[in-house]
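Subject: Structure for you to look at

Hi,

Here is the structure I promised to pass on, with my notes below it. Please have it open while you read.

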Amino acid sequence: MMDHQSGQGFDSYGSDLNMIAETSEKHDKVDDDISNNLELCAGEDERFVEQPVADSDTLEPFIGMEFNSREEAREFYNAYGRRIGFTVRVHHNRRSRINKEVIGQDFVCSKEGFRAKKYVHRKDRVLPPPPPSREGCQAMVRMTLQDGGKWVVTKFEKEHTHKLMSPSEVPWRRSEKHLISEDEKDRRIRALSLELYNERQKYKRRCAAYEEQINMILNDVERHTEHISKKVADVVRNIREIEEEKSESNGR
């Protein structure tokens with residue numbers, strides 16, 4: 001009886017051990033699945049981080065970065081400069097030879113280039129010259145308009161040749177508070193250029209009309225002068241004829 005109970009006890013204990021082993025194996029399998037999923041998620045996160053997004057709070061410009069407009073690109077580079085510690089200046093642009101549309105724009109560090117010597121060494125200067133504000137810094141970003149209407153970064157110079165400021169020290173440029181967008185500025189320039197062209201054409205037509213009237217007056221004066229000259233010649237001829245007749249009658 002006891003042996004039978006002992007056998008049943010051992011069998012029960014063995015089955016419990018088997019259940020524990022199976023449960024442990026299931027837990028290990030779940031742990032492995034969780035680890036694999038975590039590694040997969042981590043890999044996806046890494047791949048996600050590798051795809052940069054145009055966020056002015058976290059990124060710096062990179063070749064191929066796209067913007068919807070020139071104004072959006074300038075706002076991004078201004079925010080980047082404020083975060084890094086420098087102010088931005090709009091540099092020269094490039095226009096299409098076909099329709100004069102702006103197809104390229106450079107944004108540079110405000111310390112780009114050097115001040116012209118004629119402003120530094122002025123003979124009529126009374127006060128001492130101000131400290132140089134440009135130090136030949138090469139930091140800049142170049143934007144190019146693509147066929148799809150996107151503005152793309154085609155050149156980026158990151159390094160500065162001067163000490164950078166802290167974000168709190170970066171001054172607000174006066175033009176940043178009431179800033180006219182580059183597209184709006186370009187639209188105004190084209191409108192003014194067209195208006196100037198129309199005014200020039202109007203003045204040309206007016207000058208041509210004036211010139212025609214002056215020529216008509218001069219022609220009238222010339223014809224009148226010829227008419228007067230003929231009359232004077234006739235008068236002189238008549239006087240000579242009268243004098244000749246008088247002389248002939250006196251001689252008789």
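Two strands count as paired if DSSP finds at least two bridges between them. With that in mind, β4 and β5 form a hairpin with 5 residues between the strands, and Gly-149 there takes a positive phi near 90°. One caution before the rest: this is a predicted model.

**The sheet**

β4 and β5 pair in the antiparallel sense over 6 bridges. Strand β2 (residues 88-95) and strand β3 (residues 102-109) pair in the antiparallel sense over 6 bridges, with Arg-94 opposite Gly-104 in β3. Finally, strand β1 (residues 66-67) joins β5 through 2 bridges, again antiparallel; here Glu-66 is the bridge partner of Val-152 in β5.

Put together, this gives an open sheet of 5 strands in the order β1-β5-β4-β3-β2, with antiparallel pairing. β1 and β2 stand at the edges with a single partner strand each, so one side of each has no neighbour in the sheet.

**A turn to check**

The hairpin of β2 and β3 has 6 residues between its strands. Lys-100, in the loop between β2 and β3, has a positive phi of about 65° although it is not a glycine. For context, most residues other than glycine have a negative phi. Is Lys-100 buried or exposed? Its relative accessibility is 54%, and the cut-off for exposed is over 50%, so Lys-100 counts as exposed.

**Aromatic rings**

A search of the whole structure finds 5 aromatic pairs. In one of them, the ring centres of Tyr-77 and Tyr-80 are 5.8 Å apart and the planes are at 25°; stacked means under 30 degrees, so this pair is stacked. Both tyrosines lie in helix α2 (residues 70-84), 3 residues apart, which is about one turn of the helix. Tyr-77 is buried at 1% relative accessibility, and Tyr-80 is buried too, with a relative accessible area of 3%.

Tyr-80 also pairs with Phe-86: the centres are 6.0 Å apart and the planes are at 80°, so this pair is edge-to-face. Phe-86 is buried as well, at 2% relative accessibility. What do these rings belong to as a group? Tyr-77, Tyr-80, Phe-86 and Phe-156 form one aromatic cluster.

In soluble globular proteins, nonpolar side chains tend to be buried together. The largest nonpolar core here has 18 residues, and the members that touch the most others are Phe-67, Tyr-77, Phe-107, Val-141, Met-143 and Val-153. Which elements give two or more residues to this core? They are α2, β3, β4 and β5 (151-157). The largest share, 4 residues, comes from α2.

**A cavity**

Rolling a probe the size of a water molecule over the atoms shows where empty space is left. The count comes to 2 cavities of 30 Å³ or more, and the second largest cavity holds about 30 Å³ of space. Its lining is made of Pro-61, Phe-67, Ala-73, Phe-76, Tyr-77, Val-141, Met-143 and Val-153. By class, that is 8 nonpolar residues, with no polar and no charged ones.

Both α2 and β4 (140-145) supply at least two residues of this lining, and α2 gives the most, with 3 residues.

Happy browsing, and best wishes

Key: Residues numbered from 1 in each chain as written. Predicted model: local features only at pLDDT ≥ 70, side-chain atom pairs only at ≥ 80, totals over all residues. Heavy atoms only, no water. Phe/Tyr/Trp six-rings, centres within 6.5 Å; stacked < 30°, edge-to-face > 60°. Buried < 20%, exposed > 50% of the residue type's maximum accessible area, 1.4 Å probe, protein only. 1 Å grid on protein atoms, 1.4 Å probe; cavity = no way out; pocket = protein on both sides within 12 Å on 5 of 7 lines; lining within 4 Å. Points joined across faces, edges and corners; volume = space filled by probe spheres on them. Nonpolar A, V, L, I, M, F, W, Y, C, P; charged D, E, K, R; others polar. Core = buried A, V, L, I, M, F, W, Y, C linked by side-chain atoms within 4.5 Å.
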